[in-house]
Amino acid sequence: MTDRIDPVESTNDGVVMELARDDLERKRFLKMAGRGMGAGAAATALGAFIAACGGSSSSSSSSSAPAATGTASTSSSASASASASGGNDLPIVNYALTLEYLEAQFYDEVAKSGLFHGATLATLKRFGTEEHAHVAALKGVADKLGTPAAKPMGKFPLHSASQVAKLAATVENLGASAYLGQAGNIKSKEILAAALAIHTVEARHASTLNSMLKMTPTPDGAFARPMTMAQVLKVVKPFIA
Amino acid sequence: MTRSELQSPELEAVEVHGTTRAGFIMRGALAAGAAYGASAVTPFVRDAFASSGGGDVDILNFALTLEYLESDFYLHKAKSVGLSGEAKSLAAMFGEQEQAHVTALMTTIKHAGGTPVKRPSFMFPATDQASFLKLAYTLENVGVGAYNGAAPSISNKEILAAAGSIVQTEARHAAAIGLLIHKPVTPNGPFDVPLSKSKVLAKAGPLISKG
């Protein structure tokens with residue numbers, strides 16, 4: 001019980017180390033992310049990510065090492081490389097990408113609708129920008145793993161400010177539940193870390209919109225409830241053209 | 001959003017009360033990090049320890065300490081400061097939720113064969129509603145970063161799901177308070193920044209007065 005690695009540091013060894021080490025991958029990430037939020041902001045976000053992850057420890061052996069080591073570690077190296085590739089995670093990444101596409105489109109239309117002004121409009125625009133950054137990041141990950149999901153065409157009823165605000169809250173609460181529902185299914189720790197980073201932003205959006213609508217910021221109480229893919233898609237379906 | 005805006009000068013300015021604050025987390029949690037610097041950790045070592053299950057208990061105890069801190073803050077410090085209006089109702093609700101997190105984490109730790117850490121004493125530098133809410137905003141944002149930083153290391157899927165459920169609630173708290181005091185509801189922009197244990201300790205440690 002005494003000889004245990006620091007869980008945070010050890011994760012971090014893996015998480016964004018990959019990005020930090022693999023310059024091509026990092027450039028790709030920045031390029032993808034840059035479409036959403038501008039290269040400067042993307043670089044800052046990634047830099048913060050890497051810094052928080054303590055990923056500068058270049059002397060640590062990376063996940064590319066397993067092949068070179070002894071047979072005793074066959075099973076763990078197999079799982080480590082499977083984890084690093086994250087191949088099985090593509091359906092989840094594409095699922096998240098689809099939801100983010102819809103959210104980003106929704107906010108774009110809301111911003112253009114003329115229904116909102118001032119601080120509320122600024123908040124909604126900010127959230128839209130953040131959803132676009134999620135799209136860019138997830139598309140980058142999906143590109144790495146295989147074929148990204150096609151961009152869906154959304155259709156959103158935009159009748160009045162109060163109706164749209166409620167719809168926004170519904171969408172964000174759904175998004176938070178959707179990410180939470182997948183946390184245990186994600187194989188790659190790197191992708192899990194990214195999903196968690198997005199998950200709590202969706203939660204922040206949901207809480208903000210709920211609060212603006214005078215609804216409780218924590219509709220599930222102390223423990224947020226997850227939703228399965230089937231549950232989420234059922235709710236989302238009417239919003240796909 | 002620059003990195004500097006994520007810092008919490010009000011925490012860094014806090015005087016450390018007593019000399020034993022390091023005792024509590026240093027013992028159970030930090031010792032591990034010191035023994036294995038990040039540079040020494042290979043994926044093999046990580047996997048080996050992760051599969052033992054002991055790592056999850058350490059993470060849960062770390063989370064428990066943060067939840068002790070938050071529940072104490074909302075349930076006790078709020079009373080001594082004296083809140084009103086929405087601040088009062090949010091603090092009461094969030095305090096109950098943090099206490100529910102405490103209970104759930106203690107149960108989970110025992111279930112996993114571990115021993116829950118004891119509740120330390122805390123010193124919160126809040127004197128009025130404004131400073132209380134400012135500190136609440138900082139604490140909740142640190143909580144989000146702490147969970148997001150630790151969660152990928154959790155090996156048990158049920159424990160990961162519980163941590164995910166809790167961190168979503170922490171993020172909701174952080175945003176609700178941010179909105180109330182006109183601070184950014186998404187201070188990290190589109191991606192919440194995970195915090196390493198040492199960063200969390202640097203921020204939350206000064207609030208712990210004795211172990």
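**Figure 1. Helices H5(B) and H7(B) are roughly antiparallel to each other.** The model shown here and in the other views is predicted. The antiparallel label follows because angles over 145 degrees count as roughly antiparallel, and the axes of H5(B), residues 85–111, and H7(B), residues 157–180, cross at roughly 165 degrees. The two axes come within 11 Å, and the crossing of H5(B) past H7(B) is left-handed. On the H5(B) side the contact is made by Glu86(B), Ala87(B), Leu90(B), Phe94(B), Gln97(B), His101(B), Ala104(B) and Thr108(B). H7(B) contributes Ile159(B), Ala162(B), Ile166(B), Thr169(B), His173(B), Ala176(B), Ile177(B) and Leu180(B). By class, the residues of this contact are 10 nonpolar, 5 polar and 1 charged.

**Figure 2. H7(A) and H9(A) form a roughly antiparallel pair in chain A.** H7(A) covers residues 118–145, and its axis comes within 11 Å of that of H9(A). The crossing angle is roughly 165 degrees, and H7(A) passes H9(A) in a left-handed sense. From H7(A), the contacting residues are Thr123(A), Phe127(A), Glu130(A), His134(A), Ala137(A) and Val141(A). They meet Ile191(A), Ala194(A), Ile198(A), Val201(A), His205(A) and Thr208(A) of H9(A). The contact of H7(A) with H9(A) consists of 7 nonpolar, 4 polar and 1 charged residues.

**Figure 3. The largest nonpolar core has 104 residues.** In soluble globular proteins, nonpolar side chains tend to be buried together. Residues with the most contacts inside this core are Val93(A), Ala96(A) and Ala195(A) from chain A, together with Ala63(B), Leu64(B), Tyr147(B) and Ala163(B) from chain B. Helix H4 of chain B, residues 54–81, supplies the largest share of the core, with 13 residues. For Val93(A), neighbours within four places in sequence are left aside; its contacts are then Leu138(A), Val141(A), Ala142(A), Leu145(A) and Ile191(A).

**Figure 4. Lys214(A) and His182(B) have positive phi values.** Most residues other than glycine have a negative phi. Phi of Lys214(A) is near 60 degrees. This residue lies in the loop between H9 (189–212) and H10 (229–236) of chain A, and it counts as exposed because it has 6 C-beta neighbours inside 10 Å. In chain B, phi of His182(B) is about 60 degrees. His182(B) is found in the loop between H7 and H8 (197–204) of that chain. With 8 C-beta neighbours inside 10 Å, His182(B) also counts as exposed.

**Figure 5. Ala130(B) is an exposed residue of helix H6 in chain B.** Helix H6(B) spans residues 129–150. Ala130(B) has 12 other C-beta atoms within 10 Å and therefore counts as exposed, since the class takes in residues with 12 or fewer. Val81(B) is 49 residues away along the chain, and its C-alpha atom is separated from that of Ala130(B) by 9.9 Å.

**Figure 6. Chain B contains 8 helices and 2 strands.** From the N terminus, the order of elements is α-α-α-α-α-β-α-α-α-β. Chain B has 211 residues, of which 54% count as buried. Among contacts between residues at least 6 apart in the sequence of chain B, 86% join residues at least 24 apart.

Definitions and conventions
Residues are numbered from 1 along each chain as its sequence is written. Chains are lettered from A and ligands numbered from 1 in the order in which they are written. This is a predicted model: local features need pLDDT of at least 70, side-chain atom pairs count only at pLDDT 80 or more; totals for chains, interfaces and linings use all residues. Axes are lines fitted to C-alpha atoms, for helices over the stretch in contact, and angles run from 0 to 180 degrees between N-to-C directions. Helices (H or I, at least four residues) and strands (E, at least two) are DSSP runs, numbered from the N terminus. Angles under 35 degrees count as roughly parallel, over 145 as roughly antiparallel, 65 to 115 as roughly perpendicular and the rest as oblique. A crossing is left-handed if the near helix is turned anticlockwise from the far one by less than a right angle, and right-handed if clockwise. Two residues are in contact if their C-beta atoms, placed from the backbone, lie within 7 Å. Ala, Val, Leu, Ile, Met, Phe, Trp, Tyr, Cys and Pro count as nonpolar, Asp, Glu, Lys and Arg as charged, and the others, Gly among them, as polar. A nonpolar core is a set of buried Ala, Val, Leu, Ile, Met, Phe, Trp, Tyr and Cys residues joined through C-beta atoms within 7 Å. A residue is buried if 20 or more other C-beta atoms lie within 10 Å of its own, exposed if 12 or fewer, and partly exposed in between; C-beta atoms are placed from the backbone.
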